[in-house]
Amino acid sequence: MQTLDKLGPGVSVVVPVYNSGAGLPELVERIVRELEGRGDYEIIAVNDGSRDDSLAVLLKLASRYPRLRVIDLAKNAGQENAILAGFSILRYGYVVCMDDDLQHDPADIPRMLDVLIEKDLDIVFARFVQSGNGLMRRLGTWVNDMMINLVLKKPRGIGLSSFLVMRRFLADKASEYSGPHPYLAGQYLCLTGRVGNLDLVQHPAKYRQTNYSYSKLLGVWVSGLLNFSLLPLRVLLWCGLALLAIAAVLIVVLVVNRLYYGDQVPLGWTTLMIVTLMLASFQMFALGLLGEYLGRVLMTTTRYPRYC
């Protein structure tokens, strides 16, 4: 691959590892086979509190492959946080993120780097035209994609996945996020519009089932919705404004109804309805306004990027 031969900055491959000891020797060997002799590179394996022999396997592999660097987290922190831990020790200018279960083929790394460099992009996501995941997992991915389109204004036609290559500055900026629930794909989209795809095949997990349960997928979806958008809070504010307008119209209707049909309206009913409508609409508006302030505080405290 001519592009890799010219890679002055080198390549850092970040792999979060969780309970995948059986497949790690094959994964590392295949990554080394693809990148050896093509310039500087490193493999950063982050053991995310695995309960099997993953750490022991990684340490043994590190003694065999000097370009393998191992981080051992004290407890399970989740895939996104494990990736951020890997970002903290990057050495090179191109960054690859991939899973540890061999669903992502290391042979695709050079092709993705070619697309990144030749098209002058900042990040390239694998877009899986054939997925090894089940129906419910694919449905969850579709829902998540729709949410990102709405909240983050993702470029039309761009697919997201955890298999990607990007320029180092995106990893550095993403590492500045200080919130407890990172959503890295959202951060990348906030940082750059130079985004591309490469259509690939996602292989079935070879040595174990996926670690992503539906509850974890839901957590990722919630993080993407709440971390990078004030939309839910602004919907509340807009509902409050709409209720205020509706309440004003209904108050006029109630007063007119009282004036023309006074004898047919129970005593105190008009006053009760007016007070109830006014209080309910004002409360909704006040909650939305308070939410807007809190949302801006959130964006400030989590160091939400304004530009890159």
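Which residues in helix 2 meet which residues in helix 3? Leu-24, Pro-25 and Val-28 in helix 2 meet Ser-54, Val-57, Leu-58 and Leu-61 in helix 3 (contact means heavy atoms within 4.5 Å). This is a predicted model, where local features need pLDDT of at least 70, side-chain atom pairs count only at pLDDT 80 or more, and totals for chains, interfaces and linings use all residues. Residues are numbered from 1 along each chain as its sequence is written, and side-chain values use heavy atoms, leaving out hydrogens and water.

- By class, the contact of helix 2 with helix 3 has six nonpolar residues, one polar and no charged.
- The axes of helix 2 (residues 24–35) and helix 3 (residues 54–64) come within 10 Å and cross at roughly 35° (lines fitted to C-alpha atoms over the stretch in contact, with angles from 0 to 180 degrees between N-to-C directions).

**Nonpolar cores**
- The largest nonpolar core has 34 residues (buried Ala, Val, Leu, Ile, Met, Phe, Trp, Tyr and Cys joined through side-chain atoms within 4.5 Å; buried means under 20% relative accessible area, exposed over 50%, partly exposed in between, with a 1.4 Å probe and protein chains only).
- Val-11, Val-13, Ile-31, Met-98 and Phe-163 touch the most other members of this core.
- Helix 2 gives the largest share, six residues.
- Another core, of 29 residues, lies apart from it, with Val-14, Ala-82, Leu-164 and Leu-184 among them.

**Cysteines**
- The whole structure has zero disulfides (pairs of cysteine sulfur atoms within 2.5 Å).
- Cys-190 is partly exposed at 24% relative accessible area.
- Cys-239 is partly exposed too, at 36% relative accessibility.

Key. Helices (H or I, at least four residues) and strands (E, at least two) are DSSP runs, numbered from the N terminus. Ala, Val, Leu, Ile, Met, Phe, Trp, Tyr, Cys and Pro count as nonpolar, Asp, Glu, Lys and Arg as charged, and the others, Gly among them, as polar.
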